Structure formats: C-alpha cells, structure tokens
Amino acid sequence: MSQLTCHELSLGYEGREIISHLSFHVNAGDYLCIVGENGSGKSTLMKTLLGLRKPMKGEILTGDGLAAREIGYLPQQTVVQKDFPASVWEIVLSGFQGSVGLRPFYTKAEKRTALENIRKMGIEDLKSRCYRELSGGQQQRVLLARALCATRKMLLLDEPVAGLDPLVTADMYSLIDELNKRDGITIIMISHDISAALRYATHILHISDEIFFGTRAQFEESKAGKTLYRLRKEEKSWQKC
Amino acid sequence: MAEMLTNLSAYFELPFVRYAFIVGVLIALCASLLGVTLVLKRFSFIGDGLSHVAFGAMAVAAVVGLTNNMLIVMPVTIISAVLLLKTGSNAKIKGDAAVAMISVGALAVGYMLMNLHPTSSNVSGDVCTTLFGSTSILTLTEEEVWFCAVLSVIVVAAFFFFYHKIFSVTFDENFARATGTRAGSYNLIIAVIIAVIIVIGMNLVGSLLISALIIFPALSAMRLFKSFRSVTICSAILSVGCSSLGILASLLFNTPVGATIVISDMLAFGIFSLIGVFKTGLRD
C-alpha cells in the first residue's frame, strides 16, 4: 500500500475549481516533484495534503505506517518569522509539538533527537543563535531540522530553494537528496525549478491544463515533458550566447 | 530622600497598601507574559479592542447594580475575545475593522449608560476611573485584591503549562496545525488569557492603558534579546520593575497610578531602544 494516495481530488476556493480529477500516489522512499506554473494550484494542493484545508471533492488516504499528521513540513517563509525573537534550538524543538500532546515540557529523548537533527543539518554551531540573524540558507536548514523532528517518514517541501543563491541552492538539493537516499525519507517537493526536478525526482506531478503524473522517465517522454525539455535547452543555448 | 523613605514605610505599615502593591506587581507580571505573542501574532489591536469592550461591560454592570461587577465583565470580555479571534481569521468584515467597530461601539454604549443611569453623583469621575484606573491604588477593595491575586496566579500557571505550545503556535501556526498541534484550541486559550489579563488589569491601570502594560515590556525586551525565552523572562522582570517603580512613585508624588506605571514603561522602552541602537551600531 502507498504512503499517500490522492483519489479524484478537486481543489479550489469559493466554489471555483482550479484543479479537478487529480489522482496520484506516493510510495515509501519516493521523491516526488510537483511542478507547474504560478497560480496552477500547487500551494493549494500542498495545504490540502497537510490537512490545512479540505478538498472540494475526492479523498486523501495515508497508509503504510504513515499517519495523517506525521508529515514534516518546510514552509515558505512568512513575514511573522522574519522578526521573531527565537533561537535555533527553540525552533527545532518545536517540531515535536505535534506529538507531545498536553505534556508541558520536552523529554530528554526528544532533546537528543533534536540535537541529532541539528547535527545532520550541519548547523550545530548555530544552536543558540537568533533565527532572524541567519542567512536564508541557514534558516532553511533550521526549518528542515524542525521538520525532521515532526516526522521520520515523509517531508513536504514548499519551494525550498526560493530566494537562495545558486551555491546554497545546490547544497540544499544535495541535503534533501541525502535525506531521501540515506534516511529513506519520502520527499514531496513543490518547485519552480524543472531542471532540479528532473535531476533528483523519481516521480513528477505536472499541474497544468493537463495533469501529468508518472515516473521521471515517463515524464521525459510525455508531451508536457518534451515541451519543457525543449524550453530548457533553448534557455541554455540562450545563456551561452 | 530620608523623608521619602519614612513616607513610604508609613504607607507600607497599612495592610491594604501592601496588598495593593502585591496585586499591582502580579498584574504587571501577567500582562507582560503574553506581550510577545500579542505583538508577533499581530494581535495588539485585539487587546485594545477588548479593553473597550470591558469598559462597556463595566458600565452595564454598574447600571444593573451588581455587587460584584466581574460577574458580567469577565464573561463578556472572554466571549468578545473568542469572537474577535474567530473573525480575525475568516470573515467578511476584516479583523481590524471588526475590532474598531466593536471597541468604539462598546465605548459609546458604556458612556451613554453611565450618563443615563448614574450610580453616583460624580459621573465623570466614574468614567475617568474606569478608563484610566483607580486614581489611587488604595481605593481597591479587599475583595478586588483577592480576585486579582487568584486570577494572576492562574494566568501565570497557565502560561507556564502552555509555554511551548504558545511558542509553536505563535512562531508558525501552519506548521503547528499541519503536524497535529491543535492550533485552534491554543489560539482560543491565548484569547481567553488575554481577556482575563485585560479585566484584572483594568483595576490597576484602567481600560485605556492596559494595552500599554501588555505591549511595552515585550517590545522593550525585543530590542535587546534574541530568543523567545530570554525575551519572555526579560519582559516579565522589566514589567515587574516598572510597575513597582510606578506604584511607589505614585504613592510618593500623589500621581495617578496607571499613568505613572505606563510612563515608567515608556521610559524603559526608550532606554532599551537606545541600548539596542548602540549595540547594533557597534557591531556594524
């Protein structure tokens, strides 16, 4: 059984459907990239997968040992976070909030795991620093460490490299790839960046007038994939000129 | 100076001065705790609106002639807090407009009622006391003192119990919600705590000035400190310090206690801002 199955989803708001008849599934260890134009409904899909809003039609099922609230989430940065007085340690620990219930404090085991995740992200020296004083790439690593505290199975990443410079972007991608390959964490990533999607993903969900879902190889053969490939090549030759 | 001290010790011989001092400090402590959350969640305006609602409710209670007007003021303020929070997230009337409507409406109704059914010969004095706090903290009754003390202890205990949850809901509500924190319930708890703080704070500084008691210490602490815990601790200490100073000063110089406390909070904010500017200036 798949970890996450979406069956005949219709998404939209105020009675207007922006995505209809969306079906796809994600198995343990997959790396799914969701690509599409701005306004195609990627973020709405993300919010629905996280249970922040209800689909208009259809259903989302979780299985294979994954509970609906066990999905780690890396959000796009919001304005509130930018001037928030919070240390890296406080933020990473808050990843456990979903599982502590009414218990007012964190356990030793939770603190240990938080520290492990901080190490994994290579930000141990930033532990007591203030979040708002970090660079964009460092902030993303902090939020990724927090997401890892919330899950061991599946991560949802919303434009994880938006606003990062090329070097940091490459770092971020290899970090995510490592989590997928080494730790076996299922990745669902929303991205603008087709070339990265084609490089790392095992599966592609392309949201456009026509919806495509399949493996990367299938996508490369599909009409949408070919068009995107051509565009990309043209872009590259353009850059060379 | 020596004369001031003898003056003060004479005051503190009186039990009700001691009680009032303790209550003042407790209220200031409670008010400062949720300041960070209020400021960062952009809830400051709700605090302001609620205090006006509490004023209206106070007027209604006075007209109805209840012996303990908290029986009306507390539930009305809590219900308003919950309603404002709900409308803040999804409503046809935008959050801040709704707050403006409710708060101005409550002010008008309150003032109207107090004038139509005056409970004492000095209406403007009553209004002034409700808006700007007891002109002297000594006019608090023993009943009010106990009421405030018990509620303050409850607020502080609730804050400690929910500290990490308040942090996670304030820092990133979507993440909290997505990973299974009952963000809605915690927002509700935050709203109820704010309402309670506002009602008990009205006794000390009045409904117009209570927002200052909530927001100033947090804003001051945020100039200098960088983690949620240090900001919270600093604003609590700062608030307790400023209110003690304010109460003592108001006893000595016979000034209105609410205004004196708020002015000492403002001074602290000025000092902290200066230090903050100085520190970043040095670093750059």
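Where pLDDT is low, the predicted coordinates should not be read in detail. Over chain A as a whole the mean pLDDT is 85, and 95% of the residues reach 70 or more.

This is a predicted model, in which local features need pLDDT of at least 70 and side-chain atom pairs count only at pLDDT 80 or more, while totals for chains, interfaces and linings use all residues. Residues are numbered from 1 along each chain as its sequence is written, and chains are lettered from A and ligands numbered from 1 in the order in which they are written.

Chain A contains ten helices and nine strands. Its radius of gyration is 18 Å, close to the 18 Å that the globule rule gives for 241 residues, so chain A is as compact as a globular protein of that length. The radius is taken over C-alpha atoms, and the globule rule is 2.2 Å times the number of residues to the power 0.38. Along the principal axes, the C-alpha trace of chain A spans about 50 × 50 × 35 Å. Of the 241 residues in chain A, 39% are buried. A residue is buried if 20 or more other C-beta atoms lie within 10 Å of its own, exposed if 12 or fewer, and partly exposed in between, with C-beta atoms placed from the backbone.

The domain assignment, which is automatic or from a database, divides chain A into domain 1 (1-70 + 153-241) and domain 2 (77-150). The C-alpha centres of these two domains of chain A lie 25 Å apart. Eight residues of domain 1 of chain A are in contact with five residues of domain 2 of chain A; two residues are in contact if their C-beta atoms, placed from the backbone, lie within 7 Å. On the domain 1 side, the largest share, three residues, comes from helix 7 (residues 166-181) of chain A. That side divides into five nonpolar, one polar and two charged residues. In this division Ala, Val, Leu, Ile, Met, Phe, Trp, Tyr, Cys and Pro count as nonpolar, Asp, Glu, Lys and Arg as charged, and the others, Gly among them, as polar.

Helix 6 (residues 136-150) of chain A has 15 residues and reaches 21 Å from its first C-alpha to its last, close to the 21 Å expected at 1.5 Å a residue. The expected span is 1.5 Å times one less than the number of residues. Helix 6 of chain A is mostly covered, with twelve of its 15 residues buried; among them are Val142(A), Leu143(A) and Leu144(A). The buried residues of helix 6 pack against strand 5, helix 3, helix 4, helix 5 (108-120), strand 6 (154-158) and helix 7 of chain A.

Most residues other than glycine have a negative phi. Glu8(A), however, has a positive phi near 50 degrees. Glu8(A) is found in strand 1 (residues 4-13) of chain A and is exposed, with 12 other C-beta atoms within 10 Å. Glu159(A) also has a positive phi, of about 45 degrees. Glu159(A) is placed in the loop between strand 6 and helix 7 of chain A, and counts as partly exposed, with 19 C-beta neighbours inside 10 Å.

Chain B has 13 helices and zero strands. Its radius of gyration is 19 Å, close to the 19 Å that the globule rule gives for 284 residues, so chain B is as compact as a globular protein of that length. Buried residues make up 50% of chain B. In helix 1 of chain B, by contrast, the count of buried residues among its twelve residues is zero.

Finally, the two chains meet: 21 residues of chain A are in contact with 24 residues of chain B. On the chain A side, strand 5 (71-74), helix 2 (79-82), helix 3 (88-93) and helix 4 (97-100) each supply at least two residues. By class, this side has 13 nonpolar, six polar and two charged residues.

Notes
Helix = DSSP H or I, 4+ residues; strand = E, 2+ residues; numbered from the N terminus. pLDDT = per-residue confidence, 0-100.
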